[in-house]
Structure formats: structure tokens, C-alpha cells
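Subject: Structure for your files

Hello,

Here is the structure I said I would pass on. My notes on it follow below.

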Amino acid sequence: MPATILIIEDSPEIRLSARFILEDSGYLVLECSDPFEAQALLETDQAVNLILLDMNFSRDTTSGNEGMAFLQYVQKKQLAIPVIAMTAWSSVDLAVRAMQQGACDFIEKPWQNQRLLKLLQQQLTLNDLTKKNKKLQQQLSDHPSRPFIYNSIAMQQLIGQLAKVAKTDANILLTGENGTGKSQLAQWIHQQSARKTQPFIAVNMGAIVESLFESEMFGHKKGAFTDAKNERIGRFELAENGSLFLDEIANIPLPQQAKLLRVLESQEYEMVGASYTKKANVRLISATNGDFSKLIASSAFREDLYYRLNTLEFVIPPLRERVEDIIPLCEHFISHHAKKYNHNLIKLTDCAKLALLHYSWPGNVRELSHIIERAVLLATTDTLSASHLNLNNNQANNTLPLMTLESAERQLIDLALKQTQGHIPNAAKLLGLGKSSMYRRLEKYGITV
């Protein structure tokens, strides 16, 4: 969008001259004949990117007091608009006073056209960088890229599908149980996309107070409501040109669902307290553990919003269905938490690995991370055994399916072979068997490696 320049000047000839120059250079131009008219214009939330301000007007042609009063107004209202003061060539003292009062620069009249255009471009670029810096400062939490670990067939298939669509701008909905790693996968999708150099902004939709939904998502102007003491940039604007991750999307109350739907349909929104419209340019990734078929049937979630969110829907398998990933994830978490707590690197014993492989993991990857973190914190040696993990064995036992001993033995052998990538001696050691005993069982069950 071309920048909008507001010219505040009481001379129609000077305004016309400036308009010709600026419009020829691609700028949009607004005109006001005095500061009071300009204040009325700015009170309407008219988008203005820079102001050219004459310091003297017809009521007072020498002191510059009218121009100074306008600069005080800009400061009082905390308008993030650069102001360039226009003064007669001999009014150096007035130009200095104007900059002390908040003007970003000054230009002498009559000006040189190229100097005017250069000055405008410099201040517009500087103001754009300032706004970007403000956005970065407002991002309260950092979202660093983390490795996404997967060895299992289920995850390999899922990642293969996601890799094909990650580079597009299609909206993606991630579903699955709590703790399966949906937020980490959302970051991975962003890193694989064409928007990877732009912001990744995550929002826990279930944690937003309903009355502040619009402020959080779309931002608000200063004074828009009682506690709006400063302007706030909304999440859609923070994620501009990047990815916006809406976690726990199913928890949005119905009234707010309509507001979100409107943005997704029109790609437009308004800050609270503003009368102008902004464009939304984000790639939307959403996640939930909710059952949308039940939510829609009970009228708790809008069906039209659901179809806007799930251009592509992917189900993240629970940890119990990706057993091959358990030990690699454990080793990653051990390394991460050992570094975090300045602890020596710890190794898992064979009995600990077996316990981990046979636990049901109701809390999935999140629970695994917490268990390893606790074990690393309490560790007094450089190894972790099954007892150090403090797994809920009763829960694990209760969730095991009833099966014959032969079926259980075969399942254990399959798990051990998967864990050791088909290395028979290591699999035997993991199961506490000798090599000859292991080979007899392989022959018995017709298992080939």
C-alpha cells in the first residue's frame, strides 16, 4: 500500500505544489489548512503515515506557536506518526525548537524536490523499522524451532503428508489427544513453509478471557476501553506475513467464533476503537483435542468455522501407537533437561527402557517429558533405572490387553527388535536373554530380521 502523507499548510499554492510532487512519486496525499482541521482528521482514525507540518499560519506568521501546539498534541495522543516541520529558510531556531518538541526532521521552504522526497523516504523507512521492533518487543514468548523426533511408521506417514502441504498457504487443523505434540508440529510446519523467515505467533485460545478476545486477536487503540492505556497490537498483526497458531481452538465461545469466522472469510479486521480496516495476511494452523463432530452436533461449535479451519485436517497419533519413538524421545529429553539443569548426561538402563516401552502414556509426549525432567532432577547417578522413573505401574498394568503368554512374548520380541533396529544380540540383551535363547524364540515364532 502506498504511504499516506498529510500536509498541514495554510497556503493553497504550497499544498498544490507538494501534492503534485508527492503524487507523482506514488504517495497518497491529504490536505489540511490548519492544525485544528488536522486534529479533527486524525481523531477519525484516518490512516496517516507521515505529516508535513508548516510551523506558522495566518493567525500567527512568525512565532511558530501554532505548529508547536500541534506537536504537543501529537505527543499527548502518543501518535506513532513522524512529523517533518516546514520552516522558512531563515528560521533555524524555530526548526530546532520543533525537533525538541518531537518533530523528526525539518525542511526549509522553498524546498528542493529531491531533498523533500529523500527526507520523506528516510523517515518512512525509519518509522517502519520502529513499528517492527515494537511488534517484536510485544511478543511475550519466544517460539524457537525444536527438533521433531520420529522413527515410527505412523509418524513417518504423517510427516510425509504434512511435508507436501506445508509449503502451501492452506489452513491446517491438527487434532489428537492432549500432549501428542501438536504445538511442536505446528512450529515444524511453519519452518517448512515459505513463511519460515516471518513470525510464528501461538495463541492459547482457551486461556483468552472472552471480554478481551477482540483486543487479543485484533488489537486495540489507546482509550478504546477503560484499561486501554496504550495501543496494543493484536495477534493477527503480530503474525503478519507469517503463521498464526490457534491452540485449543475448540474452546472459543460461540460469540467469538463469529468474529473469527468473519476474519477468515474476508481477510479483514478492525482494531478495537478504530474505524479503519486492516488486511490479514497469515497462514492459519489450528489444534484441538476436541471432537468436532460432537461439538457441532450439540451446537457448541459453528460448522462453517470448522470448514474454514480444516482445509486440511491431520490426526496426531498418541504415543502408545508410535512405540518406536519412545526411547529416542527419552534420550532427547534427557539431553535437554540435563543441559537445562547443568546435570551430567544420564543413560537409561535396559530395565528402564522396557518400563518405558510398556507404559501406556495417557499424557503422551508431554507426560514423557515431565517424567524424564523429574528423573533428571532427582538423579544421583549417571544412570536411570525403572524405579527412578516412578511410573504408575498399576495404570500400565490395567491398560494392557489380555493376551496369551506366547502373544505377549512375541510382542516383546518385536518391540525389542524395533528398538535395536533389528540387531539380534542387542535385542536379546534388552530382553535379558542369551543369544541362543533369542534365536530359538525367533525360530519358534517365525520372526525374520
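Phe200 and Phe245 are both buried in this predicted model. They form one of the ten aromatic pairs that the structure holds. Their ring centres lie 6.2 Å apart with the planes at 20°, so the pair counts as stacked; the cut-off for that class is under 30 degrees. Phe200 belongs to strand β7 (residues 200-204) and Phe245 to strand β10 (residues 243-247), so the pair ties together parts that are 45 residues apart in sequence.

A second pair is made by Phe218 and Phe236. Here the ring centres are 5.8 Å apart and the planes stand at 35°, so this pair is tilted. The pair links distant parts of the chain, with Phe218 in helix α8 (residues 213-218) and Phe236 in helix α9 (residues 235-238), 18 residues apart. Phe218 counts as buried because its relative accessibility is 4%, and Phe236 counts as buried because its value is 2%; buried means under 20%. Phe218 and Phe236 also belong to a cluster that ring pairs build together with Phe213 and Tyr269.

Next, the domains. The domain assignment of the protein lists four entries: domain 1 (4-140), domain 2 (161-223 + 232-315), domain 3 (320-388) and domain 4 (405-445). Between domain 2 and domain 3, the C-alpha centres lie 33 Å apart. Four residues from domain 2 and seven residues from domain 3 take part in the contact.

On the surface there is a nonpolar patch formed by Tyr341, Leu377 and Leu378, which together have about 300 Å² of accessible area. Leu377 sits in helix α15 (residues 364-378). How exposed is Leu377? With 47% relative accessibility, Leu377 counts as partly exposed, because the class of exposed residues begins over 50%.

Is Arg15 buried or exposed? Its relative accessibility is 13%, so Arg15 counts as buried. Leaving aside residues up to four places away in sequence, Arg15 touches Ile7, Glu9, Asp10, Glu31, Cys32 and Ser33.

Regards

Methods: Residues are numbered from 1 along each chain as its sequence is written. This is a predicted model: local features need pLDDT of at least 70, side-chain atom pairs count only at pLDDT 80 or more; totals for chains, interfaces and linings use all residues. Side-chain values use heavy atoms; hydrogens and water are left out. Patches are made of residues with over 30% relative accessible area and no salt bridge: like charges are joined within 9 Å, nonpolar side chains (Val, Leu, Ile, Met, Phe, Trp, Tyr) within 5 Å. Accessible areas come from the Shrake-Rupley method with a 1.4 Å probe; for residues, only the protein chains shown count as cover. A salt bridge is a side-chain nitrogen of Lys or Arg within 4 Å of a carboxyl oxygen of Asp or Glu. Helices (H or I, at least four residues) and strands (E, at least two) are DSSP runs, numbered from the N terminus. Buried means under 20% relative accessible area, exposed over 50%, partly exposed in between (1.4 Å probe, protein chains only). Rings of Phe, Tyr and Trp (its six-membered ring) pair if their centres lie within 6.5 Å; planes under 30 degrees apart count as stacked, over 60 as edge-to-face and the rest as tilted. Contact means heavy atoms within 4.5 Å. Domain bounds come from an automatic or database domain assignment.
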